[in-house]
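Dear colleague,

I am handing over the structure below, and after it I set out what was found. Please read the notes alongside the coordinates.

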Amino acid sequence: MNARVTLTVVQGVQPGREYDFDGRMICTVGRAGDCSLQLPNDFIHLDVSRHHCLLDVDPPHVRVRDLGSRNGTYVNGIKIGQRPRGQTPEEAAAADLPEQPLHAGDELKVGSTVLRVVITGEDTPAPEAAEVPATDALLAG
């Protein structure tokens, strides 16, 4: 089974909505029309930047990088990025901000929207068979 990454809205507008990724994709999250994962451009989502963060999805792996958003991006309640006060979005976009790996069960918060990471079909190594000690009687017979 191929690995799949699913982001499920657990808080915010459209709870239960899922975004599925079954292959490599670079995904921009924000309010702008060119975002792959577009949040509404309305009064409720003013705390989301036009280009808020970037997801690098390569199932079963996924990483997130804040794109210099005004209000920050959070992983499990911890802020992973935000542009400094007085810095323009263009200046922030040019900065080399760190990426944060996401794991199954992690929660990504963008504005008031919270997405839970679900990873399925991970290629995990098969459990090794228990070794049975050979005995002289088995080998002789």
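Predicted model: local features only at pLDDT ≥ 70, side-chain atom pairs only at ≥ 80, totals over all residues.

As for its place in the chain, S49 belongs to the loop that lies between strand 4 (37–38) and strand 5 (53–58). Once its neighbours within four places in sequence are left aside, S49 is in contact with G30, R31, S69 and R70, and in the case of R70 the side chain of S49 reaches the backbone nitrogen at 3.1 Å.

The model has an open sheet of 6 strands, whose order is 2-1-11-10-7-8 and whose pairing is antiparallel. Strand 2 (18–21) and strand 8 (78–81) stand at the edges, and because each has a single partner strand, one side of each is left without a neighbour in the sheet. From one strand to the next, the twist averages 30 degrees. Within this order, strand 10 (residues 107–110) and strand 11 (residues 113–120) run antiparallel and are joined by 4 bridges; L108, for instance, has L115 in strand 11 as its bridge partner.

**Rings**

What does the charged end of K109 sit over? The charged end of K109 sits over the ring of Y74, at 5.5 Å from the centre of that ring. As regards pairs of aromatic rings, the count comes to 0 by the rule applied here.

Notes: Residues numbered from 1 in each chain as written. Heavy atoms only, no water. Pairing = 2+ DSSP bridges. Helix = DSSP H or I, 4+ residues; strand = E, 2+ residues; numbered from the N terminus. Axes fitted to C-alpha atoms, helices over the stretch in contact; angles between N-to-C directions. Polar contact = N/O pair within 3.5 Å; in protein donor to acceptor, adjacent residues only side chain to side chain. Contact = heavy atoms within 4.5 Å. Phe/Tyr/Trp six-rings, centres within 6.5 Å; stacked < 30°, edge-to-face > 60°. Lys NZ or Arg CZ within 6 Å of the ring centre and 35° of its normal.
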